[in-house]
Amino acid sequence: MSTQSEVNQRRGHTVTHTTDQSFDSDDASKQSRKVNKGAIDRAIAKISVNPYFVYPFTILLFISCQLAISYSFTGTWHYGLIRHTDPSSRIFTASELARYDGSNAGRPIYLSILNDVFDVSSGKEFYGKEGGYSVFAGRDGSRAFITGCFDEQGATHDLRGLSERQIESLKKWRDFYHEHATYKFVGRLETPHIDENAPLPDDNCK
Ligand code: HEM
């Protein structure tokens, strides 16, 4: 009884069969390389013309370049065009500060203590026109934090005659505003002039 391979040999199939197989595998790998290459080419073509990829990328690149140029020339990320980003760089004059005394509902309420200016709008019940501490709004009334003289005369920035200890407790009030969850430090008050020859403020207001 002949085996299948003997039969194949007799029919002259062996060689033909082997050669066909090798052709098949070559073709397949060529085909697969072609398919892969085609897929890669298509992916590259898609990326290079797809506006959803190209436009945001170009915009991002443009913004990054602008930021880098601005920073290297002006030391800021915005060509120095935006001011007051650092609150300590905003300087108020006394008359500017007075505009924020709570009398205009559309404006925030600011107060100053030891020349640090805070937005205390969230404490409107204290510093608004009806509030018990409205005298502090729109001015630097540092002295009144120590004396408790909540009138126009007493709410002054004039600290002459106060003791070291009183100044320390005034600093604690300032810390209170700095550390407050909703009050915001917004700038510094230009030190208002104090006439050294003027009489000391009267602290016996009660
Ligand atoms: C030197 C004297 C005083 C000063 C400088 C002073 C200052 C202040 C200030 C600035 C606030 C507002 C705090 C904030 O923004 O949250 C406040 C709130 C308040 N003060 Fe005075 N105060 C003084 C004396 C008094 C006295 C004697 C009493 C009581 C008889 C009092 C009762 C209150 C009360 C109840 C509040 C509201 C507290 C709250 O709801 O959180 N204060 N005080």
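**Entry 1: ground rules and layout**

I took helices (H or I, at least four residues) and strands (E, at least two) as DSSP runs, numbered from the N terminus. Read along the sequence, I got the pattern α-α-α-β-α-β-β-α-α-α-β for the protein. That gives seven helices and four strands.

I kept in mind that this is a predicted model, where local features need pLDDT of at least 70, side-chain atom pairs count only at pLDDT 80 or more, and totals for chains, interfaces and linings use all residues. My numbering starts from 1 along each chain as its sequence is written.

**Entry 2: confidence**

I looked up pLDDT, the predictor's confidence in each residue, from 0 to 100. Its mean over the protein is 83, and 79% of the residues reach 70 or more. Over residues 1-20 the pLDDT stays under 50. I counted two residues as in contact if their C-beta atoms, placed from the backbone, lie within 7 Å. For residues 1-20 the model has five contacts beyond four places in sequence. Where pLDDT is low, the predicted coordinates should not be read in detail, so I moved on.

**Entry 3: whole-chain numbers**

For burial I called a residue buried if 20 or more other C-beta atoms lie within 10 Å of its own, exposed if 12 or fewer, and partly exposed in between, with C-beta atoms placed from the backbone. Buried residues make up 17% of the 206 residues. Among contacts between residues at least 6 apart in sequence, 57% join residues at least 24 apart.

**Entry 4: the sheet**

In which order do the four strands form the sheet? I found an open sheet ordered β1-β4-β3-β2, with mixed pairing. The edge strands are β1 (91-92) and β2, each pairing on one side only. Two strands pair here if DSSP finds at least two bridges between them.

I then went pair by pair:

- β1 and β4 (residues 184-189) pair in the parallel sense over two bridges, and F92 stands opposite L189 in β4.
- β3 and β4 pair in the antiparallel sense over four bridges, with D116 opposite R188 in β4.
- β2 and β3 run antiparallel and are joined by four bridges; L111 stands opposite F118 in β3, and the bridge partner of S112 in β3 is V117.

In a regular strand the side chains alternate between the two faces of the sheet. I checked β2 for this and found both faces covered: Y110 and S112 on one side and L111 and I113 on the other are all buried.

Helix α7 (residues 164-179) lies across β2, β3 and β4, and runs at about 140° to β2. For that angle, axes are lines fitted to C-alpha atoms, for helices over the stretch in contact, and angles run from 0 to 180 degrees between N-to-C directions.

**Entry 5: the turn**

β2 and β3 form a hairpin with two residues between them. Most residues other than glycine have a negative phi. L114 has a positive phi of about 50° although it is not a glycine. Phi of N115 is near 75°, again positive in a residue other than glycine. L114 lies in the loop between β2 (110-113) and β3 (116-119), and N115 lies in the loop between β2 and β3.

Why does L114 count as partly exposed? It does so because it has 17 C-beta neighbours inside 10 Å. N115 counts as partly exposed because it has 17 C-beta neighbours inside 10 Å.

**Entry 6: G138**

I found G138 in the loop between α5 (124-127) and α6 (142-147). Is G138 buried or exposed? G138 is buried, because 23 other C-beta atoms lie within 10 Å. Leaving aside neighbours within four places in sequence, G138 is in contact with L97, A98, R99, Y100, D101, G102 and Y110. I also looked up D119, which is 19 residues from G138 along the chain: the C-alpha atoms of the two are separated by 10.0 Å.

**Entry 7: the ligand**

Which residues surround the ligand? I counted a residue as near if its C-beta atom, placed from the backbone, lies within 6 Å of the molecule. The ligand is surrounded by G123, F126, Y133, F145 and G148. By class, this shell has three nonpolar, two polar and no charged residues. Here Ala, Val, Leu, Ile, Met, Phe, Trp, Tyr, Cys and Pro count as nonpolar, Asp, Glu, Lys and Arg as charged, and the others, Gly among them, as polar.
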